[in-house]
Amino acid sequence: MRLRPVILATAALTLAGCGGERTVSPKPQTVIGSVPTQTAPATTSTTPSGGGGTTTTGGGGAGAASGKALFASNGCVSCHTYKPAGSKATVGPDLDKLATYAKTAKKPLAAFVREPIVNPNAYVQPGFPPNVMPSFKSLSKSQVDALVSFLTKGS
C-alpha cells in the first residue's frame, strides 16, 4: 500500500503543472530570401509543316522568365547545375551542357530538352541512374514550352 501515496503524489505534481497558463501562439519568423514570381507563360505557335515542333514567341524574354520561375519552383535547382538559374547541384546532369548532350544523343536541342521533362526515363544521360528525376507531366504545354525556352537559351 505504500505505492498508492507515491502514485497520488506524482499525479498531483503532474496536474499542478497543467492549466492556469495561457495558450502560446507561434510568432512569425523573419524569412531571408524571396519566392520567385511567375510571369504569364509565353504565347506559342506551332510550325505548320516540316518545321519540327513548337516555337516560343512573345518577346523572347517572357517565356524564359517564366521558365526560370518554373525551374526554381519545381525543384530543378535542387538537382541540376545551370548557370542562368544560379544552381550548382550535381544529382542530375549539368544543364549547361545540354547542347553537347543533345548532339551526342543525335536529337534536336529543343526536342531533347522537352522529352525528359514529361518522360524522364525516355533518355537518361550516361553516368546518371534512371528513376531519379520525377515526371512533370502535370505541367501545362505552355509551362513546358517556357521551361524548354529557358533551358535552350543558355545552351
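These legends go with close-up views of a predicted model.

**View 1. Helix α3 has a buried side and an exposed side.**
Start with Leu-98, Tyr-101 and Ala-102, the buried residues of α3. They cover an arc of only 100° around the axis, which puts them on the same side of the helix. An α-helix has 3.6 residues a turn, so residues three or four places apart point the same way. The buried residues of α3 pack against α4 and α5. Turn to the other side of α3 and you will find Thr-100, Lys-103 and Thr-104, which are exposed.

**View 2. Lys-106 follows α3 with a positive phi.**
Lys-106 sits in the loop between α3 (98-105) and α4 (109-118). Its phi is near 60°, a positive value in a residue other than glycine. Is Lys-106 buried or exposed? With a relative accessible area of 74%, Lys-106 is exposed, because the cut-off for that class is over 50%.

**View 3. Asn-131 also has a positive phi without being a glycine.**
Here phi is near 65°. Look for Asn-131 in the loop between α4 and α5 (141-153). Asn-131 has a relative accessibility of 63% and so counts as exposed.

**View 4. Phe-71 and Tyr-82 form one of four aromatic pairs.**
The ring centres of Phe-71 and Tyr-82 are 5.7 Å apart and their planes lie at 50°, so this pair is tilted. Phe-71 belongs to helix α2 (residues 61-73) and Tyr-82 to strand β3 (residues 81-82), so the pair ties together parts that are eleven residues apart in sequence. Both Phe-71 and Tyr-82 are buried. Which residues do ring pairs link into a cluster? They are Phe-71, Tyr-82 and Phe-150.

**View 5. Phe-112 and Tyr-123 meet edge-to-face.**
For Phe-112 and Tyr-123, the ring centres are 5.2 Å apart and the planes are at 65°, which means that the pair counts as edge-to-face. Phe-112 lies in helix α4, while Tyr-123 lies in the loop between α4 and α5, so this pair ties together parts that are eleven residues apart in sequence. How exposed is each partner? Phe-112, at 5% relative accessibility, counts as buried. Tyr-123, at 22%, counts as partly exposed.

Conventions
Residues numbered from 1 in each chain as written. Predicted model: local features only at pLDDT ≥ 70, side-chain atom pairs only at ≥ 80, totals over all residues. Heavy atoms only, no water. Helix = DSSP H or I, 4+ residues; strand = E, 2+ residues; numbered from the N terminus. Buried < 20%, exposed > 50% of the residue type's maximum accessible area, 1.4 Å probe, protein only. Phe/Tyr/Trp six-rings, centres within 6.5 Å; stacked < 30°, edge-to-face > 60°. Arc of directions from axis to C-beta. Contact = heavy atoms within 4.5 Å.
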